[in-house]
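Please find below my note on the structure under review.

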Amino acid sequence: MSTRHFTEPAKKHLGQHFLHDRRIIDMIVQAVDPKPGDRLVEIGPGQGAITFPLLDRHGELTVIEFDRDLIFPLTDAARAHGTLEVIHRDVLSVDFSAIARNSGAGEGPAVDGKIRLVGNLPYNLSSPILFHALDHAAAIRDMVFMLQKEVVDRMAAGPGSKVYGRLGVMLQAYCHVTPLFDVPPAAFKPPPKVDSAVVRLVPRAPETIGVKDPAMFTAVVRDAFGQRRKTLRNALSKLCDAAAIEAVGVRPDARAEQIEVADFVRLANSLAAAPAGTDRA
Ligand code: SAM
């Protein structure tokens, strides 16, 4: 891939850190390992560091890029590699489920009707992009994302870890989260100030998720970790009383950081199932 097409300097406000380490790029492509019929969608293709190797392997790809200055050079350079569909939008306004329903850059829709997301994400938008993807989890087969290592650590953390919190519980309730490998700042131009890591997320089958009322689950997890030093009894006082917590086998004097994801799911389901008008607190 030639960079002669790209003349604009990297834009800090768009989180632009372009990958240039061939070995890391190959490891990402290997982690995606596209198969015939896969419907690949890349978030933030930038100057095409992952885009062109994926196109060389797979022949077709849809990309979502917000920076207008990158659209023409990207499209121009892509001609030598395969069929590229460019969606020039803010990824947070893109309906992944609609993309999954439509046919792709080249052939028809994916065999299982789901897309596979890939991206070296703009770090300032990591969490919003992850939560946006969760909203469309039923249309996504898997995601391979590069993020700040600190965020990947939080996504994968379990009870007892200092970094176990809202992000990890919310993601793990809906997805299998597997950190793959770390990436040093020197792999990017310009180098970010922090270490990065690549992670794989695989949405759980809908029948195994278990969350009955997503709004209640979100509220329980948000309040539980709102003040992580508080006991659950105090942190959740707006939603329920100690008896309701105890009723699902969880100690009201425990702190959120000690509670398993499955316990949060059970508690939220039990609160959601309480008859309308019940005074839960
Ligand atoms: N994939 C390229 C690479 O690995 O070199 C670029 C990665 S760079 C970290 C993040 C990319 O996301 C940039 O191309 C940036 O313009 C794009 N981006 C930033 N905010 C975006 C948004 N809201 N929607 C879509 N793309 C965005």
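The numbered points below concern a predicted model.

1. Nonpolar cores. The largest nonpolar core has 63 residues, and Phe 96, Leu 117, Phe 145, Met 155, Leu 201, Phe 217 and Phe 264 have the most contacts inside it. Helix H9 (residues 214-226) gives the most to this core, contributing seven residues. At least three residues come from each of domain 1 (12-207) and domain 2 (214-273). A second, separate core comprises 30 residues, including Ile 24, Val 32, Val 63 and Val 198.

2. Surroundings of Leu 201. Setting aside residues up to four places away in sequence, Leu 201 touches Leu 130, Asp 142, Met 143, Phe 145, Met 155, Leu 171, Cys 175, His 176 and Val 177.

3. Helix H2. Six of the eight residues of helix H2 (residues 51-58) are buried, so that the helix is mostly covered by the 20% limit on relative accessible area. The buried positions are Thr 51, Phe 52, Pro 53, Leu 54, Leu 55 and His 58. Their cover includes helices H1 (22-32) and H3 (68-78) together with strands S2 (40-43), S3 (60-64), S4 (83-87) and S5 (115-120). After H2 comes Gly 59, with a positive phi near 85°.

4. The sheet. Seven strands form an open sheet of mixed pairing, in the order S4-S3-S2-S5-S6-S9-S7. S4 and strand S7 (175-183) are the edge strands, each pairing on one side only. From one strand to the next, the twist averages 20°. S2 and S3 run parallel and are joined by three bridges; Ile 43 has Ile 64 in S3 as its bridge partner. Helix H1 packs on the sheet, touching S2, S5, strand S6 (140-148), S7 and strand S9 (196-203), and its direction makes about 160° with that of S7.

5. Local salt bridges. The whole structure contains 18 salt bridges. One of them joins the side chains of Arg 22 and Asp 26 (3.2 Å, N to O). Both residues lie in helix H1, four residues apart, about one turn of the helix. Arg 22 is partly exposed at 48% relative accessibility, and Asp 26 is partly exposed at 39%. Asp 33 and Lys 35 also meet in a salt bridge (2.7 Å, N to O).

6. A salt bridge joins the side chains of Arg 141 and Asp 38 (3.0 Å, N to O). Arg 141 lies in strand S6 and Asp 38 in the loop between H1 and S2, 103 residues apart. Arg 141 is partly exposed, at 27% relative accessible area, whereas Asp 38 is buried at 5%. Both belong to a network of salt bridges that also links Arg 116, Asp 142 and Arg 200.

Technical notes:
Residues numbered from 1 in each chain as written. Predicted model: local features only at pLDDT ≥ 70, side-chain atom pairs only at ≥ 80, totals over all residues. Heavy atoms only, no water. Core = buried A, V, L, I, M, F, W, Y, C linked by side-chain atoms within 4.5 Å. Buried < 20%, exposed > 50% of the residue type's maximum accessible area, 1.4 Å probe, protein only. Helix = DSSP H or I, 4+ residues; strand = E, 2+ residues; numbered from the N terminus. Domains from an automatic or database assignment. Contact = heavy atoms within 4.5 Å. Pairing = 2+ DSSP bridges. Axes fitted to C-alpha atoms, helices over the stretch in contact; angles between N-to-C directions. Salt bridge = Lys/Arg side-chain N within 4 Å of Asp/Glu carboxyl O.
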